[in-house]
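Work through the exercises below with the sequence and the model open. Try each task before reading its solution.

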Amino acid sequence: MATTRTALTPFSAEFPSSNFPGLTTINARPVLAYDASTQETAYWTLVAPQGLTGALSCIVTYMMASATSGNIEFEIAVEAITDADATDLDATTSFDTVNASGATAVPGTAGYIDQVSVTLTNADSISAGDLIRISISRDADDATNDTATGDLYLLAAELREA
Amino acid sequence: MTLTTEQRRAIFVDVMRTTDCPGGITKSQLLDVVNALDDWWEATGAAAANAAIPQPQRGILTTKQKARLFMALLSARYEVT
């Protein structure tokens, strides 16, 4: 049975120094607004929950601001740091290779939600108790897989164990 | 002279950040529209708009002043800013 390990919301997101999605509200709903032309990224930091043993996936819930055709693509990366790892957090990041959703058709009506499941094949050997970061990007500069116009609004994401 | 590739792309990017961004076409199709409109303006539109202005105003107004009037007219007609 699938298990929800954590939920990621716009208000709990963290942002790099540049190229990050705007935190705003749409109809009083908090969203992260991902640009259509610049690849933008947001992070979430948490501790990997106890009991975590299986394969992980990340289910992203989003809607489009205006697009009713075309595709979008998410790129999701995991950084897992175990106690006593030789990772200098002051100066480095150590995200594993990104996991891409592939081209995903947007809903035919702007404002309708879609949920995209991305299998986290590259999960940086995550284990319970690790300090982890989840990175979610819209692959806006991929002219093949991300063709939809306008902003993408990320509403939430779920870290799910299969 | 038409806009540069970078200038056209900047328009394309800006349009996608507006609330009335066209949603029924893809990004490449939207960029094609920008390219086609700029090509048309260069080949036909600018001369036609200029010719529509009566004399002596046509000879008195600068290109920039004519462009501002044209923008104001389009903005009012189609309620875009």
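**Exercise 1: strand pairing**

Strands E2 (residues 22-26) and E3 (residues 29-34) of chain A run antiparallel and are joined by 5 bridges. The model is predicted: local features need pLDDT of at least 70, side-chain atom pairs count only at pLDDT 80 or more, and totals for chains, interfaces and linings use all residues. Residues are numbered from 1 along each chain as its sequence is written, while chains are lettered from A and ligands numbered from 1 in the order in which they are written.

Task: Find the bridge partner of A:Leu23 in E3(A), then follow E3(A) to E12(A).

Solution.
- Strands are DSSP runs (E, at least two residues), numbered from the N terminus. Two strands pair if DSSP finds at least two bridges between them.
- A:Leu23 has A:Leu32 as its bridge partner in E3(A).
- E2(A) and E3(A) form a hairpin, with 2 residues between them. In the turn, A:Asn27 has a positive phi of about 55 degrees.
- E3(A) also pairs with strand E12 (residues 152-161) of chain A, antiparallel, over 3 bridges. There A:Tyr34 has A:Leu152 as its bridge partner.

**Exercise 2: the contact between chains**

Task: State how many residues each chain gives to the contact.

Solution.
- Contact requires C-beta atoms, placed from the backbone, within 7 Å.
- Chain A gives 15 residues and chain B gives 11 residues.
- On the side of chain B that touches chain A, helices H1 (5-16) and H2 (27-52) of chain B give two or more residues each. Helices are DSSP runs of H or I, at least four residues.
- H2(B) supplies the largest share, 3 residues.

How values were computed. Contact = placed C-beta atoms within 7 Å.
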